[in-house]
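I'll jot things down as I look them up.

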Amino acid sequence: AVAMGDSEISGEGAGNYQAGTDGPDNYCHRSLNAWIQKVSIGVSTHINLACSGADSANLTIGGPGQYGERSQAERLKSVARNYAVKYVFVTVGANDDPNFGKTAQDCVYAFVFQTGYGCAQIDGPSWSSRVANMEPKAENAIENIKTVMANAHYKPSSYQLIVVSYGGPTPEPPLRYSGYWSKIFNGCPVYDSDSAWGHYTATPILDQGERSVAAAESVRFLDMVHGFYGHEIC
C-alpha cells in the first residue's frame, strides 16, 4: 500500500517522523504514526511517499521534487518495480489553488489581531472557483500515477487507486473555549464564524472537488470529512 500527496497523508503533526524527513534539509514529515502505516488492509508493506507541502505538480512524471527528492511519481516507479502494489492512496490539491495553508493563516491572523473580519470574508468569495481551478491539476496528477503503473506493466484491475479527501480542521461552533486569551492559550485562535465557514462550507466544497477528481478519473474515493467529526481543534 502506497501513500502519495501532501501533509494530510504524510502524517504532518503526528510526530515520530521517518529518519531524514524532520529537517534540517528535508521537512516532508513522513510519520510512522501516519494512517497509511497503521491501517490494516491485508498487505504486508506500507510505503509513504507523501511530503508535507506537496502540490499536484510534485506528483507528476518529471515534475519538481521537494527537499532534494525526486517527484513522487518518479519515486513510485521504483516502488512499482520492487513491490506488488495493491493500493495507491492519494491526497492532493489543497496546496494548489485553494492554498489551504494560507487560508488557515488568514483565519488565525484575523483572530489574533482582531481585525473584525476573518477568512470567511477574505477567502470565502473565491473559494469555490479556487477549488474548481484545482481539479484539472489534481486530475493530471492522477493521470501521471496511472501512467507510472501502466509503464510498470500493471493492469488497471490489478491495483486500486483511491483519491482521499481532506478532514475538516474546525468544528461546529461554539468552540470549547470562548474568550480571546482562552482560545490563544488552548490552540484554537479563530473566530467562531470562521470555524463555522470551515466546517459547513470550505471543507465540504473541497471534499466535493476531490470527489469530482475521482469521478473524472474513474477511481475510488475515500471521504474523510465525516471521519474527522469530533476530532477537530477545540
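Predicted model: local features only at pLDDT ≥ 70, side-chain atom pairs only at ≥ 80, totals over all residues.

**The sheet**

I started with the sheet: it is open, has 5 strands in the order 2-1-3-4-5, and its pairing is parallel. I'm counting two strands as paired if DSSP finds at least two bridges between them. My helices (H or I, at least four residues) and strands (E, at least two) are DSSP runs, numbered from the N terminus. Strand 2 and strand 5 are the edges, each pairing on one side only. I looked up how strand 1 meets strand 2: they run parallel, joined by 2 bridges. Ala3 stands opposite Asn48 in strand 2.

Residues are numbered from 1 along each chain as its sequence is written, and side-chain values use heavy atoms, with hydrogens and water left out.

**Helices on the sheet**

Next I checked what lies against the strands. Helix 3 lies across strand 1 and strand 2, and runs at about 170° to strand 1. Helix 6 packs on the sheet and touches strand 1, strand 3 and strand 4, with its direction at about 160° to that of strand 4. Contact here means heavy atoms within 4.5 Å. Axes are lines fitted to C-alpha atoms, for helices over the stretch in contact, and angles run from 0 to 180 degrees between N-to-C directions.

**The cores**

Which residues have the most contacts inside the largest nonpolar core? They are Met4, Leu59, Leu76, Val88, Val90, Ile145 and Leu161, in a core of 41 residues. Such a core is a set of buried Ala, Val, Leu, Ile, Met, Phe, Trp, Tyr and Cys residues joined through side-chain atoms within 4.5 Å. Buried means under 20% relative accessible area, exposed over 50%, and partly exposed in between (1.4 Å probe, protein chains only). Elements giving two or more residues to this core include strand 1 (2–5), helix 3 (72–82) and helix 8 (192–217). Helix 6 gives the largest share, 9 residues. Apart from this core I found another, of 11 residues, among them Ala1, Ala3, Ile36 and Phe89.

Beyond its neighbours within four places in sequence, Leu161 is in contact with Val88, Val90, Ile142, Ile145, Lys146, Val219 and Arg220.

**Ser71**

Is Ser71 buried or exposed? Ser71 is buried, at 1% relative accessible area. I found it in the loop between strand 2 (47–48) and helix 3. A polar atom of its side chain lies 2.8 Å from the backbone oxygen of Thr60.

Most residues other than glycine have a negative phi, and most peptide bonds are trans, so I went looking for exceptions. Asn16 has a positive phi of about 50°, and sits in the loop between helix 1 and helix 2. Ser218 also has a positive phi, of about 55°, in the loop between helix 8 and strand 5. At 68% relative accessibility, Ser218 is exposed.

The bond from Gly23 to Pro24 is cis, with omega near 0°. The bond from Pro173 to Pro174 is cis too, with Pro174 in the loop between strand 4 and helix 7 (180–185).

Conventions:
Polar contact = N/O pair within 3.5 Å; in protein donor to acceptor, adjacent residues only side chain to side chain.
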